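Hello,

Here is the structure I promised to pass on. Please open it alongside this note. My findings follow below.

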Amino acid sequence: MVIQGPIPVSFDQVFPHGCYIVGEVEQVKDFTASTGGRTVYAKDKTIGELVWQVAVMDADPTLKATQKTVAVKILAPVQPVPPPPLPGMPFVPVEFDGMTATAYVAEKTGRLAWSLRARAMRAPRSAAASTKQSAAA
(Lines give C-alpha, C1' and ligand atoms only; values in the text may rest on other atoms or scores of the structure.)
Protein backbone atom coordinates (compact mmCIF):
# COMPACT_ATOMS: atom_id res chain seq x y z
CA MET A 1 0.00 0.00 0.00
CA VAL A 2 1.35 3.45 -0.86
CA ILE A 3 -0.27 5.33 2.03
CA GLN A 4 2.25 5.57 4.83
CA GLY A 5 1.89 7.80 7.86
CA PRO A 6 -0.67 10.51 8.49
CA ILE A 7 -3.04 11.51 5.69
CA PRO A 8 -3.25 15.28 5.07
CA VAL A 9 -6.85 16.53 5.42
CA SER A 10 -8.44 19.96 5.47
CA PHE A 11 -10.40 21.29 8.44
CA ASP A 12 -13.53 21.45 6.24
CA GLN A 13 -13.23 17.76 5.39
CA VAL A 14 -13.06 16.75 9.06
CA PHE A 15 -15.50 19.30 10.51
CA PRO A 16 -17.76 20.55 7.68
CA HIS A 17 -20.18 22.04 10.25
CA GLY A 18 -17.40 23.50 12.40
CA CYS A 19 -16.38 22.58 15.94
CA TYR A 20 -16.16 24.09 19.42
CA ILE A 21 -13.60 23.79 22.22
CA VAL A 22 -15.05 21.87 25.19
CA GLY A 23 -11.91 21.25 27.22
CA GLU A 24 -8.56 22.70 28.20
CA VAL A 25 -5.42 22.51 26.08
CA GLU A 26 -3.27 19.93 27.86
CA GLN A 27 0.19 18.56 27.26
CA VAL A 28 0.11 14.87 26.32
CA LYS A 29 2.06 12.55 28.61
CA ASP A 30 4.29 9.81 27.23
CA PHE A 31 3.11 6.96 29.45
CA THR A 32 5.76 4.57 28.10
CA ALA A 33 8.70 6.86 28.94
CA SER A 34 7.28 8.15 32.25
CA THR A 35 8.55 6.09 35.19
CA GLY A 36 8.61 6.19 38.98
CA GLY A 37 6.81 9.48 39.43
CA ARG A 38 8.89 11.16 36.67
CA THR A 39 6.56 12.55 33.99
CA VAL A 40 7.81 12.67 30.43
CA TYR A 41 5.78 14.58 27.87
CA ALA A 42 5.16 13.25 24.35
CA LYS A 43 6.99 14.57 21.32
CA ASP A 44 6.02 13.89 17.74
CA LYS A 45 8.27 11.15 16.36
CA THR A 46 8.60 12.80 12.93
CA ILE A 47 9.21 16.48 13.68
CA GLY A 48 10.10 16.41 17.39
CA GLU A 49 7.50 19.01 18.47
CA LEU A 50 5.67 18.72 21.79
CA VAL A 51 2.19 17.20 21.59
CA TRP A 52 -0.80 19.06 23.08
CA GLN A 53 -4.42 17.93 23.11
CA VAL A 54 -7.78 19.69 23.19
CA ALA A 55 -11.29 18.22 23.27
CA VAL A 56 -13.68 19.63 20.68
CA MET A 57 -17.35 19.07 19.94
CA ASP A 58 -18.27 18.46 16.31
CA ALA A 59 -21.17 20.71 15.29
CA ASP A 60 -22.58 18.12 12.85
CA PRO A 61 -26.28 17.83 13.86
CA THR A 62 -26.55 14.28 12.47
CA LEU A 63 -24.00 12.75 14.87
CA LYS A 64 -25.02 10.76 17.93
CA ALA A 65 -24.09 12.30 21.29
CA THR A 66 -21.32 9.72 21.80
CA GLN A 67 -19.73 10.68 18.47
CA LYS A 68 -19.68 14.45 18.99
CA THR A 69 -16.61 14.92 21.20
CA VAL A 70 -13.15 14.14 19.80
CA ALA A 71 -9.60 15.02 20.75
CA VAL A 72 -7.36 16.95 18.38
CA LYS A 73 -3.64 16.78 19.04
CA ILE A 74 -1.65 19.90 18.21
CA LEU A 75 2.08 19.79 17.47
CA ALA A 76 3.73 22.96 18.79
CA PRO A 77 6.84 24.03 20.73
CA VAL A 78 4.70 25.93 23.30
CA GLN A 79 1.15 25.52 24.60
CA PRO A 80 -1.35 26.66 21.95
CA VAL A 81 -3.74 29.40 23.05
CA PRO A 82 -7.41 28.99 22.16
CA PRO A 83 -9.11 31.83 20.30
CA PRO A 84 -11.05 34.31 22.43
CA PRO A 85 -14.72 33.53 23.14
CA LEU A 86 -17.34 35.28 21.03
CA PRO A 87 -19.96 37.41 22.79
CA GLY A 88 -23.17 35.50 23.48
CA MET A 89 -21.73 32.08 22.60
CA PRO A 90 -21.52 29.35 25.26
CA PHE A 91 -18.64 27.56 23.46
CA VAL A 92 -15.55 28.84 21.67
CA PRO A 93 -15.55 28.08 17.93
CA VAL A 94 -12.18 26.95 16.61
CA GLU A 95 -10.51 25.86 13.38
CA PHE A 96 -7.30 23.91 12.88
CA ASP A 97 -4.57 24.33 10.26
CA GLY A 98 -2.21 21.67 8.92
CA MET A 99 -4.46 18.76 9.84
CA THR A 100 -3.69 15.08 9.37
CA ALA A 101 -5.68 11.93 10.10
CA THR A 102 -4.20 8.57 11.05
CA ALA A 103 -6.38 5.46 11.05
CA TYR A 104 -6.07 2.88 13.83
CA VAL A 105 -8.11 0.09 15.37
CA ALA A 106 -9.63 1.11 18.72
CA GLU A 107 -8.72 -1.45 21.40
CA LYS A 108 -12.04 -1.24 23.27
CA THR A 109 -14.32 -1.63 20.26
CA GLY A 110 -12.12 -3.28 17.63
CA ARG A 111 -13.43 -0.67 15.16
CA LEU A 112 -11.65 1.74 12.87
CA ALA A 113 -10.94 5.09 14.55
CA TRP A 114 -9.04 8.23 13.59
CA SER A 115 -6.31 10.15 15.37
CA LEU A 116 -6.49 13.84 14.40
CA ARG A 117 -3.46 16.13 14.51
CA ALA A 118 -2.96 19.76 13.61
CA ARG A 119 -0.12 22.27 13.44
CA ALA A 120 -2.13 25.23 14.77
CA MET A 121 -5.55 26.34 16.05
CA ARG A 122 -7.23 29.68 15.44
CA ALA A 123 -10.54 31.49 15.42
CA PRO A 124 -12.74 30.56 12.45
CA ARG A 125 -12.14 32.86 9.48
CA SER A 126 -15.83 33.76 9.21
CA ALA A 127 -16.08 34.49 12.97
CA ALA A 128 -12.94 36.63 12.89
CA ALA A 129 -14.26 38.58 9.90
CA SER A 130 -17.66 39.18 11.51
CA THR A 131 -16.01 40.29 14.78
CA LYS A 132 -13.88 42.85 12.88
CA GLN A 133 -16.96 44.09 10.98
CA SER A 134 -18.90 44.49 14.25
CA ALA A 135 -16.03 46.43 15.83
CA ALA A 136 -15.79 48.72 12.78
CA ALA A 137 -19.52 49.54 12.84
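**Aromatic cluster**

Phe11 is buried, at a relative accessible area of 8%. Keep in mind that this is a predicted model. Phe15 is buried as well, with 2% relative accessibility. Phe96 also counts as buried.

Phe11, Phe15 and Phe96 make up one aromatic cluster.

**Nonpolar core**

Which residues touch the most other members of the largest nonpolar core? They are Phe15, Val56 and Phe96, in a core of 20 residues. At least two residues of this core come from each of β2 (19–21), β4, β5, β6 (92–97) and β8.

Phe15 deserves a look of its own. Neighbours within four places in sequence set aside, Phe15 contacts Val56, Asp58, Val70, Val72, Met99 and Leu116.

**Largest pocket**

The largest pocket holds about 870 Å³ of space. Its lining has 25 residues. Nearest the pocket centre are Gln67, Thr69, Val70, Ala113 and Trp114. Several elements give two or more residues to this lining: α1 (11–14), β4 (51–58), β5 (69–75), β7 (100–105) and β8 (112–118). β8 contributes the most, with five residues.

How does the lining divide by class? For the largest pocket there are 14 nonpolar, seven polar and four charged residues. Val70 is one of the residues nearest the pocket centre, and Val70 is also in contact with Phe15.

**Second largest pocket**

The second largest pocket has a volume of about 290 Å³. Which residues line the second largest pocket? The lining consists of Val28, Lys29, Asp30, Ala42, Lys43, Asp44, Lys45, Val51, Lys73 and Arg117. By class, that gives seven charged residues, three nonpolar and no polar.

**Where to start**

I would begin with the cluster of Phe11, Phe15 and Phe96. Then move to the largest pocket and to β8, which gives the most to its lining. Finish with the second largest pocket and its seven charged lining residues.

Best wishes

Note on methods:
Residues numbered from 1 in each chain as written. Predicted model: local features only at pLDDT ≥ 70, side-chain atom pairs only at ≥ 80, totals over all residues. Heavy atoms only, no water. 1 Å grid on protein atoms, 1.4 Å probe; cavity = no way out; pocket = protein on both sides within 12 Å on 5 of 7 lines; lining within 4 Å. Points joined across faces, edges and corners; volume = space filled by probe spheres on them. Helix = DSSP H or I, 4+ residues; strand = E, 2+ residues; numbered from the N terminus. Nonpolar A, V, L, I, M, F, W, Y, C, P; charged D, E, K, R; others polar. Core = buried A, V, L, I, M, F, W, Y, C linked by side-chain atoms within 4.5 Å. Buried < 20%, exposed > 50% of the residue type's maximum accessible area, 1.4 Å probe, protein only. Contact = heavy atoms within 4.5 Å. Phe/Tyr/Trp six-rings, centres within 6.5 Å; stacked < 30°, edge-to-face > 60°.
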